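Please look over the structure shown below.

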2 protein chains.
Amino acid sequence: MARPATTSESDVPIAVLPATQYSWQMRYDVAPSDREAVRTLVDRTGFFHGDEIDIAVELVDARLTNGVASGYEFVFADSPEALAGYACYGAIPCTAASFDLYWIAVDPHFQRQGLGRMLLEDVERQVAAKGGERIYIDTSGRDQYRRTRAFYERSGFCCEARLKDFYAPGDDRVIYVKNLVKTC
Amino acid sequence: MARPATTSESDVPIAVLPATQYSWQMRYDVAPSDREAVRTLVDRTGFFHGDEIDIAVELVDARLTNGVASGYEFVFADSPEALAGYACYGAIPCTAASFDLYWIAVDPHFQRQGLGRMLLEDVERQVAAKGGERIYIDTSGRDQYRRTRAFYERSGFCCEARLKDFYAPGDDRVIYVKNLVKTC
């Protein structure tokens, strides 16, 4: 997979994707229409409960209302028809250089085309550009999330902790981390 | 230490403390004056950085602005002169029965009198009354927090995970949990 080029005009790398190669375009600003686009996408994955979907939309709202001060940054992958995928991340308050990847989701129509990996790599580049040294991802220990966990592991994330029954009985919270300055 | 009595008039136990035994009185509602009372108390402990103190006050603000919907619940211990100690906790979104203890702090003048333990036990009773099954506490792995960690361990909390360098290089995040329905 080709890595998107970056510009020197900003402290945040901007993806410049060849339109002939991918059917999506990366975007970093947040528009009011992203509320419904995110709700639709997250719902279409079939992975999330209603209250989880509400929280995904709340993060968009927080960014629209409070801007950068919200602590939420976004990477959107727009296709001509709809939102193909997105990621939401941010610096963890009261830490020197730790970031959280809050959400990453790809529309079923665009899965298995490398978009998840591309969103994740884009987040990693931006975190590094902001001085971040490690990225945490929380996910579920349930079987349904096996492919998700394998994806994080293939992408260089290490399982650092497992909190038993955190989400519900039999549903552990698994905490992954990727150290951007040294291998973990 | 005597356990505070409870009333049957509410789903949340109300502490009724004999004024002759303790120099503080438990309170569960939040007043605008708690913004500065919490800032003063947290600052007086000498334990927290400026950005951590700001966050302690933001949780009070969130509760004052959004009420129960903020997700933040408080236990205050008022002395006649000032706030002697307080705890802030809440249900963790998207979990079935997990709660977080966000803050617990005791003014230096009131330390070593059992108030920390009393606040923690009060939180445990209220979490149980709300259907919570486990309480998580995050703290630092630094030497400065050794007494804090020993306090949680004496109170029945178990160290479930340690995230290396989470807060800063050499400053790990230690995650404690207490299972309210079975021992961990």
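In which strand of chain A is the place of A:Arg173? A:Arg173 sits in strand E7 of chain A. This is a predicted model, where local features need pLDDT of at least 70, side-chain atom pairs count only at pLDDT 80 or more, and totals for chains, interfaces and linings use all residues. Residues are numbered from 1 along each chain as its sequence is written, chains are lettered from A and ligands numbered from 1 in the order in which they are written, and side-chain values use heavy atoms, with hydrogens and water left out.

**Around A:Arg173**

- A:Arg173 is buried, at 11% relative accessibility. Buried means under 20% relative accessible area, exposed over 50%, and partly exposed in between (1.4 Å probe, protein chains only).
- Its side chain makes a polar contact with the side chain of A:Asp138 (2.8 Å). A polar contact is a pair of N or O atoms within 3.5 Å; within protein, one must be able to donate a hydrogen and the other to accept it, and residues adjacent in sequence count only if both atoms are side-chain atoms.
- Leaving out residues up to four places away in sequence, A:Arg173 touches residues including A:Ala161, A:Phe166, A:Tyr167 and B:Arg173. Contact means heavy atoms within 4.5 Å.

**Two copies**

- Chain B can be laid on chain A by a turn of 180° and a shift of 0.0 Å along the axis, with an RMSD of 0.0 Å. Copies are superposed by least squares on the C-alpha atoms of residues with pLDDT of at least 70 in both.
- The two copies are thus related as by a two-fold rotation axis.
- In chain B, the C-alpha of B:Ala161 is nearest the axis, 2.8 Å from it.
- Both copies use the same surface: 100% of the contact residues of chain B recur in chain A.

**The sheet of chain A**

- Seven strands form an open, mixed sheet in the order E1-E2-E3-E4-E5-E7-E6. Helices (H or I, at least four residues) and strands (E, at least two) are DSSP runs, numbered from the N terminus.
- The edge strands are E1 (25-27) and E6, each pairing on one side only. Two strands pair if DSSP finds at least two bridges between them.
- The twist averages 25° from one strand to the next.
- Strand E5 (residues 134-140) pairs with E7 in the antiparallel sense over seven bridges. In E7(A), A:Asn179 is the bridge partner of A:Arg134.
- Helix H1 (residues 34-45) lies across E1, E2, E3 and E4, at about 105° to E3(A). Axes are lines fitted to C-alpha atoms, for helices over the stretch in contact, and angles run from 0 to 180 degrees between N-to-C directions.
- Helix H3 (residues 115-129) of chain A runs at about 160° to E4(A).

**Salt bridges**

- Side chains of opposite charge can pair when their charged atoms come close.
- A salt bridge is a side-chain nitrogen of Lys or Arg within 4 Å of a carboxyl oxygen of Asp or Glu.
- A:Arg162 and A:Asp172 meet in a salt bridge (2.9 Å, N to O). A:Arg162 is in strand E6 and A:Asp172 in strand E7, 10 residues apart. A:Arg162 is partly exposed at 42%, whereas A:Asp172 is buried at 12%.
- B:Glu124 and B:Lys178 also meet in a salt bridge. B:Glu124 lies in helix H3 and B:Lys178 in strand E7 of chain B, so the pair ties together parts 54 residues apart in sequence.
- A:Arg35, A:Glu36, A:Arg39, A:Asp54 and A:Asp61 are linked in a network of salt bridges.
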